[in-house]
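Have the structure open while you read.

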Amino acid sequence: MRRNNKLKSGLFTAILLLLCLSACNVRRPGMVLSNRKMADVLYDYHMTKSMIREMGIVADDDKQAYMDFVYQKHNITEEVFDSSLSWYSRNPDAMMSVYDLVFLRMDKENTNIKDRIAERDNLMNASISGDSVNLWTEPPVQRMSGRPFENLLSFKLTADNFYEYDDTLRWSMNYHFMNGAPDASRPTVMMLQIWYDRDSMISEQRTVLQDGVQTLTLQNDTMGVIKTVQGFVYYPRQADSTHFLLLDDISLFRMHPKRTAEQDSIRETIPLTRPVRVTR
């Protein structure tokens, strides 16, 4: 009897431990793709989206045909991809972990990376003499819909030599929900993050349900060396398929504050950045 009591006690303790561990982790539904699988799908998603844009393909049926090929390649359905993307958008840490894998692969395989680095270097050089610079080099107008290839806008910038310890980053754009208000149960999600070399980060997230200018603002601090500045806008599939989102006046400003001589001397003692290296 005493032995049975000990066994029950040990089993009860083990169950409690498992419950505690499960409560500490984000629960991932069974349909949601793993980080690695999601990263592989998103890589092909973005490469195919870029190819469609460069080829000037505008017909929805043609775009869908390319997306169907991506689904077939990874042996998934559109429903699985949409459900996974929706879950990741509600769990930004997981989303950014996935995009770390995506951008790492882009570093290795994107044949246009050197052109992007040169383009960014030229822009950075222009910021030396000014207090602020617009880091956004993509088109300032973007059309988004709930359809594949058109529901996610994302970026990632690796820190350069010109970031300073008290810089302010401001990502702004004007939202226009076309053909009616968006579905309140499927809101647009906008996020901006600064990641540091100690795996710490600061972020701001917002859900958007109406027209108008939305701005996310982060001020850098002394949490460590900046690794990346990154963000995304996710526009989920709407109940009415005729709805779409138009973004214009998109900008990403990095602003240097005015400082006294004493503050400048403090800045010189704080290591902040790494060499220029940009991926998207």
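Predicted model: local features only at pLDDT ≥ 70, side-chain atom pairs only at ≥ 80, totals over all residues.

1. Start with the largest nonpolar core, which has 34 residues. If you want a way in, look for the residues with the most contacts inside it: Met38, Leu42, Phe81, Leu85, Tyr88, Leu152 and Phe232.

2. Which elements give two or more residues to this core? They are the helices α2 (35-55), α3, α4 and α5 (92-109), plus the strands β5 (188-196) and β8 (226-234). The most comes from α5, with eight residues.

3. Leaving out residues up to four places away in sequence, leucine 42 touches Phe81, Leu85, Val98, Tyr99, Val102 and Leu152.

4. Now the backbone. Asparagine 75 has a positive phi, near 60°, although this residue is not a glycine. You'll find asparagine 75 in the loop between α3 (60-74) and α4 (78-89). Is asparagine 75 buried or exposed? Asparagine 75 is exposed, as its relative accessible area is 70%, and the cut-off for that label is over 50%.

5. Aspartate 249 is another non-glycine residue with a positive phi, here near 55°. Its place is in a strand, β9 (residues 244-255). Aspartate 249 counts as exposed too, because its relative accessibility is 57%.

Methods
Residues numbered from 1 in each chain as written. Heavy atoms only, no water. Helix = DSSP H or I, 4+ residues; strand = E, 2+ residues; numbered from the N terminus. Buried < 20%, exposed > 50% of the residue type's maximum accessible area, 1.4 Å probe, protein only. Core = buried A, V, L, I, M, F, W, Y, C linked by side-chain atoms within 4.5 Å. Contact = heavy atoms within 4.5 Å.
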